[in-house]
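Reader: I have a sequence and a model of its fold. Could you take me through how the strands and helices are arranged?

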Amino acid sequence: MIKTVHAFVSGKVQGVWYRDSTIAAAKRFGVQGWVRNLRDGRVELIAQGSSKDVDCLIQWCWQGSAASQVSDVEAAECAAQDLNEGFVRRPTA
């Protein structure tokens, strides 16, 4: 069963390699999707894959990169998306 989650990560998550670390973690878990910075200081991501793998990535988001300080992860299931590009970085929104 495929699960798709839309998440927002708050805290010290920009300028600390959070996006690149998220990409590496998503590849480890076999999750597809994307990640980007938001102008308000949060990081946004869409993750799609098996329920177990997506849950593992969202749990990892609480840890983040070594230099990050995550204060909150808001994650909600959403409609499946056509994600054939692996897990990539998108431009700031």
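Reader: Which residue in S3 is the bridge partner of Ala 7?

Author: This is a predicted model. S1 and S3 pair in the antiparallel sense, with eight bridges between them. In S3, the partner of Ala 7 is Leu 45.

Reader: Which residue in S4 stands opposite Gly 11?

Author: Strand S1 covers residues 2–12. S1 and S4 are paired over eight bridges, in the antiparallel sense. The residue in S4 that stands opposite Gly 11 is Val 70.

Reader: In what order do the five strands lie in the open sheet?

Author: The edge strands, each pairing on one side only, are S4 (69–77) and S5 (87–89). The pairing in this open sheet is mixed. The order is S4-S1-S3-S2-S5.

Reader: Do S2 and S5 run parallel or antiparallel?

Author: Strands of a sheet can pair through backbone hydrogen bonds in either sense, parallel or antiparallel. S2, residues 32–37, is joined to S5 by three bridges. Val 35 stands opposite Arg 89 in S5. The direction of S2 and S5 is parallel.

Reader: Which strands does helix H1 touch?

Author: H1 spans residues 18–29 and packs on the sheet. Its direction makes about 170 degrees with that of S5.

Reader: What angle does the direction of helix H2 make with that of S3?

Author: H2, residues 51–63, also packs on the sheet, where it touches S1, S3, S4 and S5. The angle between the directions of H2 and S3 is about 155 degrees.

Key: Residues numbered from 1 in each chain as written. Predicted model: local features only at pLDDT ≥ 70, side-chain atom pairs only at ≥ 80, totals over all residues. Heavy atoms only, no water. Pairing = 2+ DSSP bridges. Helix = DSSP H or I, 4+ residues; strand = E, 2+ residues; numbered from the N terminus. Contact = heavy atoms within 4.5 Å. Axes fitted to C-alpha atoms, helices over the stretch in contact; angles between N-to-C directions.
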